[in-house]
Amino acid sequence: MKNIKSIVSGIVMLSLLLTACGDLLDETPRYVYEPGYFQTEEGVLGGLTSLYAHTRYIFGQYYYVASQNGTDESTYAQSADNNFHDTDMSGMGSLTPTSSRSDALWNAAYSNINTASGIIENAAAVNLTEALVAEARFFRAWDYFMLVQNFGGVPLDLGSGELMFNITPSRESIRNTVPEVYTRAIFS
């Protein structure tokens with residue numbers, strides 16, 4: 001009798017779990033930006049929102065770690081990794097190009113430069129206002145400015161052409177000079 005009760009309760013639980021998962025499997029992912037997404041109004045506006053959201057990654061990771069540690073406000077604690085030791089300047093670490101968090105700025109900036117280029121290129125197709133296009137131009141210039149300030153000359157061509165929305169990933173790039181980046185990507 002005890003065995004039959006456990007089998008019946010197991011079947012009931014399994015049937016409840018299987019029927020409850022129907023909506024979970026029909027989700028629409030909203031975190032993927034593929035080239036066709038930028039040809040819709042929702043895609044362009046979503047891309048513009050992401051340009052504001054990316055400041056969290058730059059200021060929350062890179063600049064916070066690079067400028068906050070070792071001050072009177074904070075220092076490393078028991079659970080700190082080497083990134084904190086290196087930027088603390090307390091002598092516990094050694095700040096080198098391989099141990100700093102420069103990758104946080106580099107990785108965040110280029111994906112957002114590409115997003116801004118996608119917004120700028122597709123703005124006319126979705127009747128985006130000039131004010132919103134100007135915001136995308138600002139963020140692209142701002143990301144290039146931060147890159148130039150930290151790394152010197154950086155590539156302007158991400159794979160599809162200079163300052164173009166990149167839909168063809170490439171591992172090759174040509175580093176532009178600092179004056180080229182300022183005149184073509186920042187001041188313009």
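In the predicted model, L163 is placed in the loop between α6 and α7. The relative accessibility of L163 is 16%, so this residue counts as buried, the limit for that class being under 20%. L163 is not a glycine, yet its phi is positive, at about 55 degrees. Most residues other than glycine have a negative phi. A second residue with a positive phi is N127, which is likewise not a glycine and has a phi near 55 degrees. N127 belongs to the loop between α5 and α6. Its relative accessibility is 69%, and N127 is therefore classed as exposed, the class that begins over 50%.

The loop between α6 and α7 also holds E172. With a relative accessibility of 68%, E172 counts as exposed. The C-alpha atom of E172 is separated by 7.9 Å from that of G159, and the two residues are 13 residues apart along the chain.

The protein chain as a whole contains seven helices and zero strands. Its pattern, read along the sequence, is α-α-α-α-α-α-α. The chain has 188 residues, of which 35% count as buried. When contacts between residues at least 6 apart in sequence are considered, 61% of them join residues at least 24 apart.

Two helix pairs that share α6 are described next. Two packed helices are described by the angle between their axes and the distance between the axes. For helix α2 (residues 41–53) and helix α6 (residues 130–151), the angle is about 40 degrees and the axes are 10 Å apart. The two helices are therefore oblique to each other, since an angle under 35 degrees would be needed for roughly parallel. The crossing in which α2 passes α6 is left-handed. On the α2 side, the residues in contact are L45, L48, L51 and Y52, and these meet L132, E135, A136 and F139 of α6. By class, the contact of α2 with α6 comprises seven nonpolar residues, no polar residues and one charged residue.

In the second pair, the axes of α6 and α7 come within 10 Å and cross at roughly 170 degrees. This makes α6 and α7 roughly antiparallel to each other, because the angle is over 145 degrees. Helix α6 contributes A141, Y144, F145, V148 and Q149 to the contact, and α7 contributes V178, V181, Y182, A185 and I186. These residues of the contact of α6 with α7 divide into nine nonpolar, one polar and no charged.

F151 is also part of helix α6. At a relative accessible area of 25%, F151 is partly exposed. The C-alpha atoms of F151 and V178 are separated by 9.4 Å, although the two residues lie 27 residues apart along the chain.

The largest nonpolar core has 33 residues, and the members that touch the most others are I119, Y144, L147 and V181. Two or more residues of this core come from each of α2, α5 (102–122), α6 and α7 (178–186). Among the residues named, Y144 and V181 also take part in the contact of α6 with α7. Leaving aside residues up to four places away in sequence, V181 touches Y144, V148, V154, L156, N176 and I186.

How values were computed. Residues are numbered from 1 along each chain as its sequence is written. This is a predicted model: local features need pLDDT of at least 70, side-chain atom pairs count only at pLDDT 80 or more; totals for chains, interfaces and linings use all residues. Side-chain values use heavy atoms; hydrogens and water are left out. Axes are lines fitted to C-alpha atoms, for helices over the stretch in contact, and angles run from 0 to 180 degrees between N-to-C directions. Helices (H or I, at least four residues) and strands (E, at least two) are DSSP runs, numbered from the N terminus. Angles under 35 degrees count as roughly parallel, over 145 as roughly antiparallel, 65 to 115 as roughly perpendicular and the rest as oblique. A crossing is left-handed if the near helix is turned anticlockwise from the far one by less than a right angle, and right-handed if clockwise. Contact means heavy atoms within 4.5 Å. Ala, Val, Leu, Ile, Met, Phe, Trp, Tyr, Cys and Pro count as nonpolar, Asp, Glu, Lys and Arg as charged, and the others, Gly among them, as polar. A nonpolar core is a set of buried Ala, Val, Leu, Ile, Met, Phe, Trp, Tyr and Cys residues joined through side-chain atoms within 4.5 Å. Buried means under 20% relative accessible area, exposed over 50%, partly exposed in between (1.4 Å probe, protein chains only).
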